[in-house]
Amino acid sequence: MDFNLSKEQELLRDGLNKFLSSRYELESSRAAAKTGSGWQPDIWSGFANELGILGAALPEDLGGIGGGPVEVMVIAEALGQALVVEPYVDTVVVSGGLLQRAGGEPASALLERIVEGRAIVALAANESESGHNWADVTTSAERDGDEWVLRGSKIVVASAPLATHLLVTARTASGISLFLVDFESAGDAVAAHHYRTIDDRRASDLTFDGLRLPADALLGEEGAAWPSLAQARDEGAAAVCAEAVGCMRKVLADTVEYAKQRQQFGQPIGSFQVLQHRMVDMYMEVEQSVSATYLAVLNLEAEPDVRARAVSAAKATVGRAARFIGQQSVQLHGGMGMTEELAIGHYFKRLTALQYEFGTTDFHVTRYAELTKA
């Protein structure tokens, strides 16, 4: 099997890397995350208007370029390597996929706005601390004439503080349904508690208290949202695996460079064989993660069980690697590894958070075992 990127995919990767190396400074992004709105809107605008990556995996009739999972992998890895906090996975990969599969005029119109960089969409699906059981839905949506009335709560809704729109899962008479909410005009019917996460992202806990929605707020068929949600969770998991690969490549490169410069007993610590062995182990973990991520990405359009098995194998592999590489890099940097001054500490926090997004390592190990047992 050929794992080489096409010429177009290489151009996509190189153009994005060039943009990020010249325009995306870690210090500026951390300042925006900690003291500002949580992101840099001009960077998002650049993604849309200069690079076109917000529509890379969307059809041309919606303003995209007609790419697919490999293009998403290329983009996510580059964003991970630069430690980008802007909500690409949440808005483009997860919400964009849900909207595309739902179809209909409201969904298509919102997708066009996403491609243009004029809309940020967050999925409000999580109601439990585990973060992966999206099928456990107690939020309800009831018909009242030509409207829907939404009641319930969601927790840790990633990117919600930045969002113009929400996709909300709710239980209706016939099952789990998906609703589109104009967050900017929701008013007092949505109570939001916004906060910054450990890895400098933004999230919210939301409470819907009788929020009234028009009939066309229902996306797709009533009660039939679960298959699309399950696919969105796997697509998000594959994307953060690629992001983690980008983070780990950067962490490994920085650690090797530091080991060449840091002097101990009159010589670079990188000359000590025991530390060389550690860095080789880190390299092997990165390469295993790359292979596992390819496996997941190339199976995203397969049958549900095949897709789920490949994604869980990748997420479990990457979760283990992220933990090992993050901890080893901090230890090899000594006390400096966890300071704000060095990039390593910021990458370590992101690698830690990635282990829990779209299902924990333990969840995916368990799911893989269930899917592979005789």
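# Notebook: domain contacts and salt bridges

I counted two salt bridges between domain 1 and domain 2. I take a salt bridge as a side-chain nitrogen of Lys or Arg within 4 Å of a carboxyl oxygen of Asp or Glu. This is a predicted model: local features need pLDDT of at least 70, side-chain atom pairs count only at pLDDT 80 or more, and totals for chains, interfaces and linings use all residues. Residues are numbered from 1 along each chain as its sequence is written, and side-chain values use heavy atoms, with hydrogens and water left out.

**Entry 1: domains 1 and 2**

I looked up the domain bounds. The assignment gives domain 1 (7–118), domain 2 (122–223) and domain 3 (226–373); such bounds come from an automatic or database domain assignment. The centres of domain 1 and domain 2 lie 23 Å apart, taken over C-alpha atoms.

I then checked contacts (heavy atoms within 4.5 Å). Domain 1 puts 22 residues in contact with 18 residues of domain 2. The buried area between them is about 1600 Å², and carbon and sulfur atoms give 60% of that. Buried area here is the accessible area (1.4 Å probe) that two parts lose on being put together, summed over both.

I also found five residue pairs in polar contact between domain 1 and domain 2, both residues at pLDDT 80 or more. A polar contact is a pair of N or O atoms within 3.5 Å; within protein, one must be able to donate a hydrogen and the other to accept it, and residues adjacent in sequence count only if both atoms are side-chain atoms. On the domain 1 side, the elements giving two or more residues are α2 (26–35), α5 (88–102) and α6 (105–115). Of these, α5 gives the most, with six residues. Helices (H or I, at least four residues) and strands (E, at least two) are DSSP runs, numbered from the N terminus.

**Entry 2: lysine 34 and aspartate 200**

Lysine 34 forms a salt bridge with aspartate 200, with the closest N and O atoms 2.9 Å apart. I checked burial next: buried means under 20% relative accessible area, exposed over 50%, partly exposed in between (1.4 Å probe, protein chains only). Aspartate 200 is buried at 3%. Lysine 34 is partly exposed at 32%.

**Entry 3: other salt bridges**

I noted 19 salt bridges in the structure. Glutamate 243 pairs with arginine 201, the closest N and O atoms being 3.1 Å apart. Glutamate 243 lies in helix α7 (residues 226–261) and arginine 201 in the loop between β6 and β7, so the pair ties together parts 42 residues apart in sequence. Glutamate 243 is buried at 6% relative accessibility, and arginine 201 is buried at 16%. A network of salt bridges links Asp199, Arg201, Glu243, Arg350 and Glu357.

Arginine 367 and aspartate 234 meet in a salt bridge (2.9 Å, N to O). Arginine 367 lies in helix α11 and aspartate 234 in helix α7, so this pair ties together parts 133 residues apart in sequence. Arginine 367 and aspartate 234 are buried.

**Entry 4: positive phi**

I looked up valine 156, which has a positive phi of about 45 degrees although it is not a glycine. Valine 156 lies in strand β3 (residues 147–158) and is partly exposed, at 47%. Phenylalanine 358, also not a glycine, has a positive phi near 60 degrees. I found phenylalanine 358 in the loop between α10 (343–354) and α11 (361–372), buried at 10% relative accessibility.
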